[in-house]
Amino acid sequence: MKWAIISATKGGLKQAAKISKMIDVDIYGFEKAVGEEHVHDVHIIDGSLKDLVGRIFNQYDTLIFIMAAGIVIRVISSYIKDKTQDPAVLVMDEEGKYIISLLSGHLGGANERAVKLAEYINARPVITTASDAKGIQSIDMLAKEMNYIIDDMEKAKEITALMVNDFSVGMIIDKDLEDSLDVKKVNGIKKWDPKENEKIDGLVYISNRTSHFNIPMVQLIPKTMVLGIGCKKHYDSHTLLEQLKHIMQKNNIHIKSIKKVATIPLKRHEQAVKSAAEMLDAELEIVPIEKIEAIEDNFESSPFVKKIVGIGSVAEPCGYLVSNKGICVVPKTIVNGMTVSIWEEKNG
């Protein structure tokens, strides 16, 4: 984790030096404010403060500005993108009395780091996000804590707003995930069963499967699926991706639930396979042939495939092994020279 402190004054740089004894940070300051005792520890700001921020904004996880909040807002405004990309931005006064979480309070970790830094220097953290003020865990923080993917950030904001404003928000969670999340401890959300016909205003749906409910909903997706795949040489990437999407839709498997794409060494450099892994934001894992040979009798074998690659099956044994001998949710499916099989990862 990379931290930077930016200050325009001598008093601010003294606070920065104090913090640097507790946290590994890079310090930036203007030459006129750098005293002899700190001259070797400070990166001199060459040009304007706004130019500096433009250069370093995406180089650090956390930026601490020791200056007026108004100045900070003006200099960072041009570089802000969205909460999934922006660094944590904290603002601190010269006396070290207050640490303000200004930007990326949840996903960027600014709230958490403001509290941490305040503890280090005996300051008061200032957290203004509504969910934190009410003791409610926002949807983005819940997803971050549980390592789930948020299907739609705008919907996550909408559901969090319902929680903050005391509307009724329910949760449906896959049975095999219930042990990992105690719903009773998630303030602002209650477990909900649609069969009971209890009215709710919003829904948090935690599953790697797709579903639809006629109420405002955000889905949190655990990445627990493994895609075993094989295809003809020089397969068209666009065709493979479209066919894959169709297979997943047909089987109600969320496209963002794929954790790994598994194939054999011969397909390591196949562009269509690499494109699939990139599109799914999944790790590409290559399964050694000898590992497949040891279990291939458990799967349907193709004499043609065996003649070409030395083993009679690719997609199913690759998915099986990489999922840690998990559960097959989509058996071998062949479409126009592409073969896939999808497996749910087994823990432990």
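This is a predicted model: local features need pLDDT of at least 70, side-chain atom pairs count only at pLDDT 80 or more; totals for chains, interfaces and linings use all residues.
**Cysteines, a sheet and a helix**

Visitor: Is Cys 231 buried or exposed? And Cys 318?

Guide: Cys 231 is buried, with a relative accessible area of 9%. Cys 318 is buried too, at 0% relative accessibility.

Visitor: Switching to the sheet. Which strands are in it, and in what order?

Guide: Five strands make an open sheet, ordered β15-β14-β13-β17-β16, with mixed pairing. β15 (283-286) and β16 are the edge strands, each pairing on one side only. On average, neighbouring strands are turned by 20° against each other, direction ignored.

Visitor: What packs on it?

Guide: Helix α8 does, touching β13, β14, β16 and β17, and its direction makes about 45° with that of β17. Helix α12 (residues 315-322) also packs on the sheet, touching β13, β14, β15, β16 and β17, with its direction at about 25° to that of β17.

Visitor: How does β17 pair with β13?

Guide: In the antiparallel sense, over seven bridges, with β13 spanning residues 225-231. Gly 228 stands opposite Ser 341 of β17, and Val 226 stands opposite Trp 343.

Visitor: And with β16?

Guide: β16 (residues 327-335) pairs with β17 in the antiparallel sense over six bridges. Here Val 330 stands opposite Ile 342. The two strands form a hairpin with two residues between them, and Asn 336 in that turn has a positive phi of about 50°.

Visitor: How many residues of β17 are buried?

Guide: Seven of the seven, residues 338-344, so the strand is largely enclosed by the rest of the structure.

Visitor: Which residues are on which side of β17?

Guide: Met 338, Val 340, Ile 342 and Glu 344 are on one side, with Thr 339, Ser 341 and Trp 343 on the other, and both faces are covered. In a regular strand the side chains alternate between the two faces of the sheet.

Visitor: What does Ile 342 touch, apart from its neighbours in sequence?

Guide: Leaving aside residues within four places in sequence, the contacts of Ile 342 include Met 225, Val 226 and Leu 227, then Met 248, Ile 253 and Ile 258, and also Ile 327, Cys 328, Val 329 and Val 330.

Visitor: Which members of the largest nonpolar core touch the most other members?

Guide: Leu 227, Leu 240, Ile 258, Val 261 and Ile 342, out of 24 residues. At least two residues of this core come from each of β13, α8 (237-250), β14 (258-263), α9 (271-279), β16 and β17. α8 gives the largest share, five residues.

Visitor: New topic: which residues of α6 are buried?

Guide: In α6 (residues 139-146) they are Ile 139, Asp 140, Leu 142, Ala 143 and Met 146. Their arc around the axis is only 160°, which puts them on the same side of α6.

Visitor: What covers them?

Guide: The cover includes the strands β8 (148-150), β9 (169-173), β11 (202-206) and β12 (217-222), along with helix α7 (153-164).

Visitor: What comes just after α6?

Guide: Asn 147, which takes a positive phi of about 65°.

How values were computed. Residues are numbered from 1 along each chain as its sequence is written. Side-chain values use heavy atoms; hydrogens and water are left out. Buried means under 20% relative accessible area, exposed over 50%, partly exposed in between (1.4 Å probe, protein chains only). Helices (H or I, at least four residues) and strands (E, at least two) are DSSP runs, numbered from the N terminus. Two strands pair if DSSP finds at least two bridges between them. The arc is that of the directions from the helix axis to the C-beta atoms. Contact means heavy atoms within 4.5 Å. A nonpolar core is a set of buried Ala, Val, Leu, Ile, Met, Phe, Trp, Tyr and Cys residues joined through side-chain atoms within 4.5 Å. Axes are lines fitted to C-alpha atoms, for helices over the stretch in contact, and angles run from 0 to 180 degrees between N-to-C directions.
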